[in-house]
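Please open the structure in a viewer and keep the selection tool at hand.

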Amino acid sequence: MDQAFIDTLRPHLRYLTADQELRAEDRLRDLGLNSMQAIDLVFDLEDNCGVLLPDDQLTDANFETAGALWEAVLSARSSDLATR
């Protein structure tokens with residue numbers, strides 16, 4: 001996970017303390033992400049990480065852990081590069 005991703009995700013995780021490291025296996029719901037915040041998070045990820053997350057990637061599975069969401073961002077980056 002790169003720093004832009006972590007910096008974008010962190011404000012949406014109200015139970016992640018400032019000194020706590022975000023790990024790939026951390027469950028986003030356990031850290032405070034709810035469905036309404038997930039919508040805002042998608043917009044923030046698109047703006048801050050330079051990706052367009054397609055609707056078919058906005059699944060519960062992709063928002064389960066930080067690592068799963070990171071993989072969705074990487075996949076979107078690869079797709080964006082392939083279409084250029």
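**First stop: D26**

Select D26, which is buried at a relative accessible area of 6%, where buried means under 20% relative accessible area, exposed over 50% and partly exposed in between (1.4 Å probe, protein chains only). The model is predicted: local features need pLDDT of at least 70, side-chain atom pairs count only at pLDDT 80 or more, and totals for chains, interfaces and linings use all residues. Residues are numbered from 1 along each chain as its sequence is written, and side-chain values use heavy atoms, with hydrogens and water left out.

D26 lies in the loop between α1 and α2. Helices (H or I, at least four residues) and strands (E, at least two) are DSSP runs, numbered from the N terminus. Now display the surroundings of D26: apart from neighbours within four places in sequence, D26 is in contact with E21, L31, E64, T65 and A66. Contact here means heavy atoms within 4.5 Å.

**Second stop: the whole chain**

Next, select the protein chain, which holds 3 helices and 0 strands. In sequence order, the pattern is α-α-α. The radius of gyration of the protein chain is 12 Å, close to the 12 Å that the globule rule gives for 84 residues, so the chain is as compact as a globular protein of that length. This radius is taken over C-alpha atoms, and the globule rule is 2.2 Å times the number of residues to the power 0.38. The C-alpha trace spans about 40 × 25 × 20 Å along its principal axes. Of the 84 residues, 39% count as buried.

Select F5, L9, L13, L22, L45, L69 and V73, the residues with the most contacts inside the largest nonpolar core, which has 22 residues. The elements giving two or more residues to this core are α1 (3-9), α2 (35-49) and α3 (66-82). Such a core is a set of buried Ala, Val, Leu, Ile, Met, Phe, Trp, Tyr and Cys residues joined through side-chain atoms within 4.5 Å.

Which residues does V73 touch, not counting residues up to four places away in sequence? They are F5, L45, C49, V51 and L53.

**Last stop: A4**

Finally, select A4, which is placed in helix α1. A4 counts as partly exposed, at 32% relative accessibility. Residues up to four places away in sequence aside, A4 touches N48 and C49. To end, select D56 as well: the C-alpha atoms of A4 and D56 are separated by 23 Å, and the two residues are 52 residues apart along the chain.
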